[in-house]
Amino acid sequence: MEKSFYITTPIYYVNDVPHIGHAYTTCAADILARFHRLLGERVLFSTGTDEHGQKIEKAAQEAGLSPQELVDKVVVRFQELWKTMHIEHDVFIRTTSEEHEKVVQDFFLLLQRKGYIYKGEYEGWYCVPCETFWPESQLDERLVCPDCGRPLQKLKEESYFFALSRFTEPLLRYLEEHPDFVMPESRYNEIYSFVRGGLKDQSISRAGLKWGIQVPGDPDHTFYVWFDALINYITVAGFGRDEAQFSTFWPWAYHLVGKDILRFHAVLWPGMLLGAELPLPRRIFAHGWWTVEGEKMSKSKGNVVDPYRMIAQYGVDRFRYFLMREVSFGLDGDFSEKALVERSNADLSDNFGNMVHRTLNMVFKYRDGVVKKPGAYEDLEWEELLQDVKEKFFLSMERFAFAQALENVWRLIHFANRYIDQKAPWRMFKEGNEDLDQVLYRLLDCSRIVAVFISPFMPSTAAKLWSLIGMGEQFEFSPKIAELEWGRGPEHYRVKHPEPLFPRLT
Ligand SMILES: [Zn+2]
């Protein structure tokens, strides 16, 4: 049976200005979606925006707009960025959509029918900008928000509660049986000990906040933004609306999140699903944060990395490559343009670009741009290398270890560059050695295979390379996993005039 793969990014807070963090998560999701399409699976890739809450209400007031007008205006910043970054999501969900509102209300009623909802009173220290109540255990005598450092307000209000505490034991058992449910391992351990400490019931509604989804039957209450936001993942999958779609994609869901929002995803969300008697997603993966030249990124420091500017200056594929290659996914990383330039020059220009350029040049010089498939085309060293690269590439992609996956592909590139040096095709040409065709065909085949491997990471470069070696037009490029074999190229490679894929940056 065809497999399903459902990949999600968090829905981003719509009034944020998109920065490298948003770009990072969404790029990783795009790469996974493309990789699973390459495998021939049914893929659903979703991103979107979180558009409710007090902060939006306030910002709209300040801007003299209605909340809906504000979110309609600013959502474009994300939608445009994803186009610019060559992100091919299947769905862009907005929490203000009617469809989503209905799912949130239905989901609440379902939890209520199952006896996990009650009305109570919530009192706590609340940060208005962060829309978060903070437990006293996390505060010191200054009573400021642990996230943003601003003073907290004591708030007491009537609220609906979700009986999360009843899922402490079930969730612990689930974690024990599914060690890959939360990744990487350090995050798993963090969540495991948090759950073991015992879960508290979660307040899920706010009285008096207008800009949110109404609690059914109680118009004075709207849902707490996290309750609303998390449910987007099943809205997209078709919950309550499209049973065929829902059974296709749920629970084959993989949530990518920043480590700061892991607890909502790895504790509250599974609790809500257990309450609704729905299966839990396959994996929640928390990636790290980017610092900028060694410093924390912040608006006040003015060092926020603008993805639009990076792409304008370096091109989308250099940016995508750098994000995924520079740091192990899951760890924190440091961004600097210097590092981007160095890595791009070393990996993309000197190694990858050079291999392609030398190959195409030789094919023109020695064979007028056409190389015929050789009769005998076996080479144990190449065979073994490709099998090993493939195996490790797939394993890495399975674990979302993007840097390792790319490193493995570069083993092919390094090997090809050494092969050129050792075989010295310029000498073979002079000596009239007929094995020259075999060498050139191998190098073109290697370029073809590399194009398929890198296509999830650098889709436009892969398509360009595909077209340079004469495999077809760029827009027709639709790579398949079966192409990762020697000898799957055409009877004749008819290549185009070489042009550098990645000119060196200075
Ligand atoms: Zn705060």
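Visitor: What makes strand S1 mostly covered?
Guide: Eight of the ten residues of S1 are buried, a residue being buried if 20 or more other C-beta atoms, placed from the backbone, lie within 10 Å of its own. The model is predicted: local features need pLDDT of at least 70 and side-chain atom pairs pLDDT 80 or more, whereas totals for chains, interfaces and linings use all residues. Residues are numbered from 1 along each chain as its sequence is written.

Visitor: How many residues of S2 are buried?
Guide: Eight of the nine residues of S2 are buried, and S2 is therefore mostly covered by the same definition.

Visitor: How do you know that S1 and S2 pair?
Guide: Strands (DSSP runs of E, at least two residues, numbered from the N terminus) pair if DSSP finds at least two bridges between them. S1 and S2 have eight bridges in the parallel sense, so they pair. Ser 4 stands opposite Arg 42 in S2, and Tyr 13 has Asp 50 in S2 as its bridge partner.

Visitor: Through which helix does the chain cross from S1 to S2, and what is the hand of the crossover?
Guide: The chain passes through helix H1 (residues 20–38), and this β-α-β crossover is right-handed. That term applies if, with the strands pointing away from the viewer, the path from the first strand over the helix to the second runs clockwise.

Visitor: What makes S1 and S12 a pair?
Guide: S1 (residues 4–13) and S12 (residues 253–258) are joined in the parallel sense over three bridges. Tyr 6 stands opposite Ala 253 in S12, and Thr 8 stands opposite His 255 in S12.

Visitor: Why are S3 and S7 called edge strands?
Guide: The open sheet has six strands in the order S3-S2-S1-S12-S13-S7, with parallel pairing. S3 (91–94) and S7 (182–183) each pair on one side only. S3 is joined to S2 by four bridges, and Phe 92 in S3 is the bridge partner of Thr 47.

Visitor: Which residues make the contact?
Guide: Met 310, Ile 311 and Tyr 314 of H11 meet Val 316, Arg 318 and Phe 319 of H12, contact requiring C-beta atoms within 7 Å.

Terms used: Contact = placed C-beta atoms within 7 Å. Buried ≥ 20, exposed ≤ 12 C-beta atoms within 10 Å, placed from the backbone.
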